[in-house]
Amino acid sequence: MSFETCFPIWDRLTPGQQDRIRSGLFSRTVPKGTVLHSGSMDCTGLFLVRSGQLRACILSEGGRQITIYRLFERDICLFSASCILRSIQFDVTIQAERDTALWVIPAETYQSVMAESAPLANYTNELMASRFSDVMWLLEQILWRSLDRRLASFLLEEAAIEGTAELKLTHETIANHLGTHREVITRMLRYFQNEGMVKLARGTVTIRNGAALRVLNE
């Protein structure tokens, strides 16, 4: 798998623009848990995920976290080059959820090509709109859905991503994804366990009744 086949509008760039991106492009391989980008002052560049999984989250002043979206193979992270997106007024942290290989386009390289390429500028605007839609969807979930439904949705999503009902997750990790306190998640998971929907063990949540979680998530 090459960068050229993964970058969505590669064929719409001129040969000169392609050469400039190639000359600045570099690869990174990072272990699970690595923070790749932190805050608006950290203008790392654009990430294109080759393999693995990244998480974009927002941190509060009190240290609480909430996941706003995830990035999988062939996904592009635009917020890691926040210096070229002057309208962004919040800090985003990008962290590897698995061992991850990615390509990085330096921000200055991307910005220089985007300034002269209408297809790249249009694609960037579409990508930014898509990510802000993710943020708005998350806001709706927080405002209008109860935590038990959000937790059920999260567990079902994790099972689909991992391909197993046995999820290696701590209560703290789940709380960080959902933007709440560990104690709140612990109480809710115990309720789920009492209802026969999950089984809890140290560092593990096993889904026992996915149908019940799906009903709760509706």
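This is a predicted model: local features need pLDDT of at least 70, side-chain atom pairs count only at pLDDT 80 or more; totals for chains, interfaces and linings use all residues.
Visitor: Which residues of the largest nonpolar core touch the most other members?
Guide: This core holds 23 residues. The elements that each give two or more residues to it are helix H1 (3–6), strand E3 (46–51), strand E8 (100–105), helix H3 (107–114) and helix H4 (118–144). The members that touch the most others are Phe3, Phe7, Leu46, Tyr110 and Leu120.

Visitor: With which residues is Phe7 in contact, leaving aside its neighbours within four places in sequence?
Guide: Phe7 is among the core residues that touch the most other members. With the neighbours within four places in sequence left aside, its contacts are Leu13, Leu48, Ile76, Ile105, Tyr110 and Leu120.

Visitor: How many residues make up the second, separate core?
Guide: In soluble globular proteins, nonpolar side chains tend to be buried together. Here a second core stands separate, and Leu151, Leu156, Leu167 and Ile207 are included in it. Its membership comes to 22 residues.

Visitor: Is Trp144 buried or exposed?
Guide: Trp144 is placed in helix H4. Together with Met136, Leu139 and Leu143, Trp144 makes a nonpolar surface patch of about 490 Å². Because its relative accessibility is 68% and the cut-off for this class is over 50%, Trp144 counts as exposed.

Visitor: Is Arg70 buried or exposed?
Guide: Arg70 has its place in strand E5 (residues 65–71). Not counting residues up to four places away in sequence, Arg70 touches Gln53, Leu54, Arg55, Asp75, Glu97, Phe154, Glu157, Glu158, Ile161 and His177. Its relative accessible area is 11%, and the cut-off is under 20%, so Arg70 is buried.

Visitor: How many residues apart are Arg70 and Glu97?
Guide: Side chains of opposite charge can pair when their charged atoms come close. Arg70 and Glu97 form a salt bridge whose closest N and O atoms are 2.9 Å apart, and Glu97 is buried at a relative accessible area of 16%. The pair links distant parts of the chain, with Arg70 in strand E5 and Glu97 in the loop between strand E7 (93–96) and E8. The two residues are 27 residues apart.

Visitor: How far apart are the closest N and O atoms in the salt bridge of Glu158 with Arg70?
Guide: Glu158 lies in helix H5 (residues 147–162) and Arg70 in strand E5, so this pair links distant parts of the chain, 88 residues apart. Both Glu158 and Arg70 are buried. The side chains also count as joined by a polar contact, and the closest N and O atoms of the salt bridge are apart by 2.3 Å.

Visitor: In which helix does Arg182, the salt-bridge partner of Glu172, lie?
Guide: The side chains of Glu172 and Arg182 meet in a salt bridge at 3.8 Å, N to O. Glu172 is in helix H6 (residues 171–178), and the pair ties together parts that are ten residues apart in sequence. Glu172 counts as partly exposed at 39% relative accessibility, and Arg182 is partly exposed at 38%. The element that holds Arg182 is helix H7 (residues 182–194).

Definitions and conventions:
Residues are numbered from 1 along each chain as its sequence is written. Side-chain values use heavy atoms; hydrogens and water are left out. A nonpolar core is a set of buried Ala, Val, Leu, Ile, Met, Phe, Trp, Tyr and Cys residues joined through side-chain atoms within 4.5 Å. Buried means under 20% relative accessible area, exposed over 50%, partly exposed in between (1.4 Å probe, protein chains only). Helices (H or I, at least four residues) and strands (E, at least two) are DSSP runs, numbered from the N terminus. Contact means heavy atoms within 4.5 Å. Patches are made of residues with over 30% relative accessible area and no salt bridge: like charges are joined within 9 Å, nonpolar side chains (Val, Leu, Ile, Met, Phe, Trp, Tyr) within 5 Å. Accessible areas come from the Shrake-Rupley method with a 1.4 Å probe; for residues, only the protein chains shown count as cover. A salt bridge is a side-chain nitrogen of Lys or Arg within 4 Å of a carboxyl oxygen of Asp or Glu. A polar contact is a pair of N or O atoms within 3.5 Å; within protein, one must be able to donate a hydrogen and the other to accept it, and residues adjacent in sequence count only if both atoms are side-chain atoms.
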